[in-house]
Amino acid sequence: MDYINSIQLTLDYIENHIHEHISLERLAEIACFSPFHYHRVFQAMVGESVMEYVRKRRLTTAAERLFYTNEKVIEIAISVGFQYHESFNRAFKKFYGVSPKQYRRAKKMSGPLRGKACLNKNPLIGGLKMKPKLLAKPAFHIIGYELKTKNQDGQNNQDIPEFWQQYMKNKLGAAIPDPLHQNEEYGICTDFDSSSGEFVYVIGMEVAEGTIAPEGLVYRSFPGQEYAVFTTPKASEEIFTASIQSTWNYIFTDWFPKSGYEHNGTIEFEFYDERCYGTEDKEMDIYIPVKKQKAFK
């Protein structure tokens, strides 16, 4: 399947229906993906979640109309998909820092302006092309620490590294009771809400089923399922984070389109062990739940 063409069709649809209600489910249908898989592919290829992109395009279109036309604010609000004047004012002020009327009186275009997305591939560091292992992982159980975040405006890219820094600096793993493997840690994304971009991130270690979590920690169980497991290219300390990110991009922009699989819509996680120690040749694994892609006519 041509992923670039599929996502481009939805970008065109957004532009042509900016004044209407736009749902994740409708866009996924146009792309011929399941809603969750579409959400993840769009985010990888465009750089932000689909509904965040729609919101920014609506508000940018409104700013352009305020600057270039004499239309009433309420008419502009309706024309970019807002049913209520008050909700439009709140969203516009949050994005631009001023009300629509104040923006118009300023007599200049300013603030964040989100143009229509151009699709670009982000190359994998080192130019490597990896072949994942397909692995049926049994059910497993985690005790760890939970963070609620969202991929709006890249919030998760700030929250999660800070979460890991706190975990490592304060040696929080020591409070996890009876881990099955001392030097293995998980970073798990779960409880996704594709429409809002919100999800839960858990840092933890594997424990026996039924282990009681101490106060301040959480116990989570995850069912057995099939994963595609990607090992990141070996990298120095300085580029290890970039190597992980480029691997994520490769998975959704290069591997998935050619694989015949799509995301299963459940948890995905990063697995860290002794290979991450030291400052050179660092690597880790990314587990993506997969299922065979449906054949669309």
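Lys 56, set aside from its neighbours within four places in sequence, is in contact with Glu 48, Phe 95, Arg 114 and Asp 153. In this predicted model, Lys 56 is placed in helix 4, which covers residues 50-68. With a relative accessible area of 14%, Lys 56 is buried, because buried means under 20% relative accessible area.

Arg 55 is also found in helix 4. Not counting residues up to four places away in sequence, Arg 55 touches Phe 95, Gln 152 and Asp 153. The relative accessibility of Arg 55 is 21%, and the residue counts as partly exposed. Arg 55 and Thr 231 are 176 residues apart in sequence, and their C-alpha atoms are 35 Å apart in space.

**Packing of helix 3 and helix 9**

Two packed helices are described by the angle between their axes and the distance between the axes. For helix 3 (residues 35-46) and helix 9 (residues 240-259), the angle is about 110 degrees and the axes are 9 Å apart. The two helices are therefore roughly perpendicular to each other, since angles of 65 to 115 degrees fall in that class. The crossing in which helix 3 passes helix 9 is left-handed. On the side of helix 3, the residues that meet helix 9 are His 37, Arg 40, Val 41, Ala 44 and Met 45. Their counterparts in helix 9 are Trp 248, Asn 249, Phe 252, Thr 253 and Phe 256. By class, this contact is made up of six nonpolar, three polar and one charged residues.

**Cysteines**

How many disulfides does the model contain? The count comes to zero. A disulfide is a covalent bond between the sulfur atoms of two cysteines. The sulfur of Cys 189 has its closest cysteine sulfur in Cys 276, at 16 Å, which is too far for a bond, because the cut-off for a disulfide is a pair of sulfur atoms within 2.5 Å. Cys 276 is likewise in no disulfide, the nearest cysteine sulfur being that of Cys 189. Cys 189 is buried, with a relative accessible area of 12%. Cys 276 also counts as buried, at 12% relative accessibility.

**Loop residue and backbone features**

His 21 lies in the loop between helix 1 (3-16) and helix 2 (24-31). At 69% relative accessibility, His 21 counts as exposed. The C-alpha atoms of His 21 and Gly 224 are separated by 37 Å, and the two residues are 203 residues apart along the chain.

Two aspartates have a positive phi although neither is a glycine. Asp 178 has a phi of about 50 degrees and is placed in the loop between helix 8 (155-169) and strand 3 (185-193). Phi of Asp 191 is near 55 degrees, and Asp 191 is found in strand 3. The accessibility of these two residues is set out below.

| Residue | Relative accessible area | Class |
|---|---|---|
| Asp 178 | 62% | exposed |
| Asp 191 | 44% | partly exposed |

Asp 191, at 44%, is partly exposed.

Conventions: Residues numbered from 1 in each chain as written. Predicted model: local features only at pLDDT ≥ 70, side-chain atom pairs only at ≥ 80, totals over all residues. Heavy atoms only, no water. Axes fitted to C-alpha atoms, helices over the stretch in contact; angles between N-to-C directions. Helix = DSSP H or I, 4+ residues; strand = E, 2+ residues; numbered from the N terminus. Parallel < 35°, antiparallel > 145°, perpendicular 65-115°, else oblique. Left-handed = near helix turned anticlockwise from the far one by under 90°. Contact = heavy atoms within 4.5 Å. Nonpolar A, V, L, I, M, F, W, Y, C, P; charged D, E, K, R; others polar. Buried < 20%, exposed > 50% of the residue type's maximum accessible area, 1.4 Å probe, protein only.
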